[in-house]
Every structure is written in C-alpha cells, then in structure tokens.
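Here's a short tour of a two-part story: what sits inside, and what meets at the contact. Have the viewer open as you read.

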Amino acid sequence: MMSYFKLFALAAISFLLAGCPQNTIPDPDPTDTTYGGDTGASTDGMDDGDLYGGESFGDDPSAGELGMIIYFDFDSSEVRAQDQDLVARHAMQLGNNPGIRVRLEGHADERGSREYNIGLGERRAQAVRQMLMIQGVSVDQISTVSFGEERPVSFGSSEDDYAQNRRVEFTYPN
Amino acid sequence: MLSKLRYIALMGLFAATVSQADLVIDVQGVAQPTPVAIVPFGWEGTAPDMPLDVSTVIIDDLKRSGRFDPVSEDKMLQKPTDGADVDFQDWSFVGVEAVVVGKVVQTGDDAYTLQFQLFDVFGRRQLVGFRMPSITRATMRGAAHRAADMIYEKLTGIKGVFGTKVAYVTAKQQGDGRLYSLIVSDQDGFNEHTIMESNDPIMSPAWSPDSRQLAYVSFEGSKASIFVQTLRTGNRFSVSSKPGINGAPSFSPDGRKLVITLGGVDGNPDIHVLDINSRRTTRLTTHRAIDTEGTWSPDGRYIYFTSDRSGGPQIYRVSATGGTPERVTFEGSYNARPRLSPDGSRLAMVHNDRGNYRIAVMNLERKDLLVLSTGRQDESPSFAPNSDILIYATRQGRNGVLETVSADGLIRQKMASRAGGDVREPVWSPFPRF
C-alpha cells in the first residue's frame, strides 16, 4: 500500500514539474485493483512478498551471507549432511577468490580434559579443511586453530549448551 | 596483536603488591586430627605488635592439613614463649600431644629473627628447635610456613608443603570478551600475583623443576604458542609457535627440555621433545590418533601421555628416547591428562566414572585405581611435591574452583577464589629452595 502511495506521490510531483496540461484524464483510484468496466479481462496485483524483508547478518564483507558456523555430534568430527552444502559454498567462494584466506576454528564442549579437547577441536577443523581441499581450495588459503573448550559460546552444562559449543567457525581475517 | 594482549611483564613476582587471602579455603577433614597447641608467639620489637601474627599462620596451616586440631587460646593454662618455661604437666592436662612455642625478635629497621621449639608432651622432650635470622616483613609469612613445614614433617613423617606455591588460570567476563589471567599464589591462597593477562585463552601452565619459570600456552593473535616465563623478572620467550597445535608443555626433570604436543598443518597431534636452548624438536609418536598431554616420569626415563589410538582416550607411556608406546590404563572408557607423583609411585588422571569426569589415582605397582574426587567435571590433577596431596579443578555452578585432596582420598578442601571468575588448571610448584 505504501509503495502505491509513493508512486502516486511521485507521479503527482512529475506532473507538477511538467507544468499543467490542458485536458488531463484523472488518475484512477489507486486503491482499485480493477477498473475500466466489465471487459472480461482482469488484472492481478503483484506481490513482492518478502523480497524487501529480512535482515542482514554477519559483518564480514568477504563472506557475504554465508553461514559461518557448523555444529558437530558428540564425540564426532564428521560434517553433518545438512552442513555439506554450506561447506561447498565456502569452497566455491574460496575457489573463486584465490586471494582470500579462511581460518577454521575448531571447538569442543567442556567435558573431559582440556588439552585432549584441543585435539578434538583440531580434528573437527581438519575435517572441514579436508572437505574444502577436495573441492579445490588451495592448501595455502586455509589455516586451522583449535580452541578446544576454551572459547564456549554457551556457558551452561546442559546437552544444549554442549551442542552449541561443538563447532567449527569459518573466519575470514581482513 | 600486541594491543589485544595485556601483558603484565617485568612486575617482579616477589616484589609485586599483595592481595590478602584471594582464595578462601574450606576444609572438609574426615581423618582423626591430632590435638596440638601453638602458643601465641612472643614479640620483642619497637612497634606494639609484630608485623605478622606468626602463630596464626602456623595454626591455619596445620588445621588446613586436616591432620591436626590446634587447641584454642582460652584452653591454655600457660602461654610460654621460651622452651625453658614449658610445663609438660599443664599441657598433658590440656590433652595435647605436642606444643609449639616461639617468638619474633626485631634486630633492625626491617630485620627480624623468628625462633620456635616443638615439644613432645608425653615424651617430655624437644623435637625441633630452630632459629631463622634475617627475616624481613616481606619474608615473614614464608618463614612462618617454613616453621609449619618443619613441625608437620616432625609429627607426621611427611614433608610439609606449606611453603610451596600454586599456579592457575582464571577467566572472567570483560565487556564482550573474556580476560584470561595466569596467577601464582602461595598454596594457602595468599599473595596472588597475576603474571600474564590476555583477552585470548591461556592454558596448561607447567613449573620448571627449580620453580623459577612457568611454561604455558597462549592463544594471543588467535594462534597457539608455547612460552617460557621467568617469574622473578616477568621476561618470557616463545619456544614453539609452529602451524596448528602447540600445546601441553611439561618440563623434563633436569629442566632443559619440554615435552610438548605439535599438530602441524595437517592437524595430527603428536608428542615431541623440545630442547629449550637449541629449540630442536624430536618427534616421539607418529600415530594418526590424538597423542597429547605428555609428562615425564620423575626418573626421566619415560613420557606418559594421552592417546585415543584405541578409540577413547587412554594413558600410554613411551621411552623418553623413543620406541613403541605401551598402554598403561585399562579400567574405564576415558582416562586422560596423566601426572606422576614426584616419588614415582602413583599416576593421577581424569577418569570417567559412570558419566562423571573425576580425579583418579593409580598405584603403578598394584595397578589399582582409586577415585578421589566427587564432582561431575573435575580436571587437571597435579601432585604436591610431597606426593601426599593433589590439587585439581572442580565445578561450582558455572565456575571452576580449586580443591585439594589427600592421595588416600580422606581429606578434601575447597579453595574458592575471592576474586571470582572461572578458576582452572592448578599446578603445584616443586619444593622451594632455601
């Protein structure tokens, strides 16, 4: 509705700028969806839907709107089926831009010993690294670091907290 | 990179300002403690009071050990400060087995002598008489701990650890990020000194055998590096900063080498020995599993480490000069972070006890495993230099706190950090050298 109003206002302004013509046909009522009598023809409104809705996320210009985190099952470094497309999109982006680099940050949940968890976080980062390399990303474009359990995003000790902390983050350093 | 790191360098560990009792200690003794009397120490000096209440420090040490029950002052029938005035009849009546008397004498502007005597009430004889000249206000607390150590050793036959220190890491919320601190304090929680601070994680502190240096892992610049820092000067140098994992440092008994974990670009964590002077590394394990958390046996012959080559993590050992690793632990699905007692008889570890991560100790001769802690998420066991006590981290709510437990599991104490934050990775210092 708003956009119709704007269009109408714009039309009115251009009308004024063009000067006042003699015989003008009045504009139809903009709220009408059909006009011109019963001709057997009909028109339909064009719905833009959510094209202009939504919100931006991530503040990394080189990565655009790609998801930056993938999660892992307990005691696993296997990339889940639903995340493989995301990894592929990172691979494509890196493949198309040989000048950019990615740092894969591996993380573990808090259970067990800290240095062993550094090993588990590294294993996850390496699983993603292997997947990127298979898809053609150059070895020089990728570095890995494991923070183990040292950088949790969720500080509790529930299964949900643990699930959020078992992750690999894609970081594109500037 | 440097601006991200707030590095408290050159502070001079022993000259830095003192924050009193940063750790509050809560004892849960279950053994039968021996009744003793520590008579208030005498004072001969210019000021009305002595600079430090020495007898209270000794009382607190002995009480905290869980093995002694010092009687309160109002039960004492006499308060001698010199051995010649001790009346054994009186002390026998009070019901104590041992009496300590002593005094502090000022000998200069900042110079004092501390002397004490320990008596066996039933045997009616002196067990220890010791004088420490040239004490200063700054060293008086240490001198009191040393007196407590001598009393403890004479009465129990076990070397005291009251004069030792602990190092640990704390993490606190700071704005959007976290502040990690590496802290050294006396074993009773006094004299906390922050020796390194960073907005990136700090991990795995390890004492040098002469207790003058700490090795640790720092993630400053979002990459793992191993540093060795000299406590007195605050100077530090990076000893390993290779691609991937640089972790889990532990000094060799001669202090010249570190066992470390290196992951490399391909991320296969293996045990390496690093010569600190030459920076040359020798790779000891090559398995594609995670091999980490290496630690030397006190005789220097073996390196014990964690490996998940059989599935879950278990403890293995390999000759310090290389060879085929042999598995050490078989009980349970998860055994990690080995640490040997300084006498070489026992192996401490993190053990999964029916879903709970707890501290367990294995007698290396009998091979039996004793679970010592009761938490859900206990970690980082470290033996005191007398092999009789361990310190570790446990959870209290969302924060880590420190606990100590006697190696027989009978006496457990909690140390709650007054400064707050998440306290983790305690490591007990070797014995100080006088």
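## The main core

In this predicted model, the largest nonpolar core has 120 residues. A nonpolar core here is a set of buried Ala, Val, Leu, Ile, Met, Phe, Trp, Tyr and Cys residues joined through C-beta atoms within 7 Å. Buried means 20 or more other C-beta atoms within 10 Å of a residue's own, exposed means 12 or fewer, and partly exposed is in between, with C-beta atoms placed from the backbone. The residues with the most contacts inside this core are Ile58(B), Val99(B), Val100(B), Ile151(B), Ile303(B) and Leu390(B). Helix 3 of chain B (residues 140-156) supplies the largest share, nine residues. Helices (H or I, at least four residues) and strands (E, at least two) are DSSP runs, numbered from the N terminus. Both domain 1 (32-156) and domain 2 (165-428) of chain B give residues to the core, so it lies between them; the domain bounds come from an automatic or database domain assignment.

Neighbours within four places in sequence aside, its contacts include Ala348(B), Ile359(B), Leu372(B), Phe383(B) and Val405(B). Two residues are in contact if their C-beta atoms, placed from the backbone, lie within 7 Å. There's also a second, separate core of 13 residues, with Leu104(A), Ala125(A), Val137(A) and Phe170(A) among them.

## A note on conventions

Residues are numbered from 1 along each chain as its sequence is written, while chains are lettered from A and ligands numbered from 1 in the order in which they are written. As this is a predicted model, local features need pLDDT of at least 70 and side-chain atom pairs count only at pLDDT 80 or more, but totals for chains, interfaces and linings use all residues.

## Chain A and its helix 2

Chain A has four helices and four strands, running α-β-α-β-α-β-α-β along the sequence. Of its 174 residues, 28% are buried. Among contacts in chain A with a separation of 6 or more, 69% join residues 24 or more positions apart.

Helix 2 of chain A (residues 84-96) has 13 residues and reaches 18 Å from first C-alpha to last, close to the expected 18 Å at 1.5 Å a residue; the expected span is 1.5 Å times one less than the number of residues. Its buried residues are Val87(A), His90(A) and Leu94(A).

## Where the chains meet

The contact takes 23 residues from chain A and 32 residues from chain B. On the chain A side, helix 3 (114-134) and strand 3 (142-148) each give two or more residues, and helix 3 gives the most, with nine. That side divides into six nonpolar, nine polar and eight charged residues. Ala, Val, Leu, Ile, Met, Phe, Trp, Tyr, Cys and Pro count as nonpolar, Asp, Glu, Lys and Arg as charged, and the others, Gly among them, as polar.

## Two serines with positive phi

Most residues other than glycine have a negative phi. Ser222(B), though, has a phi near 55°, in the loop between strand 12 (213-218) and strand 13 (225-230) of chain B. Ser387(B) has a phi near 65° and sits in the loop between strand 27 (379-383) and strand 28 (389-396) of chain B.
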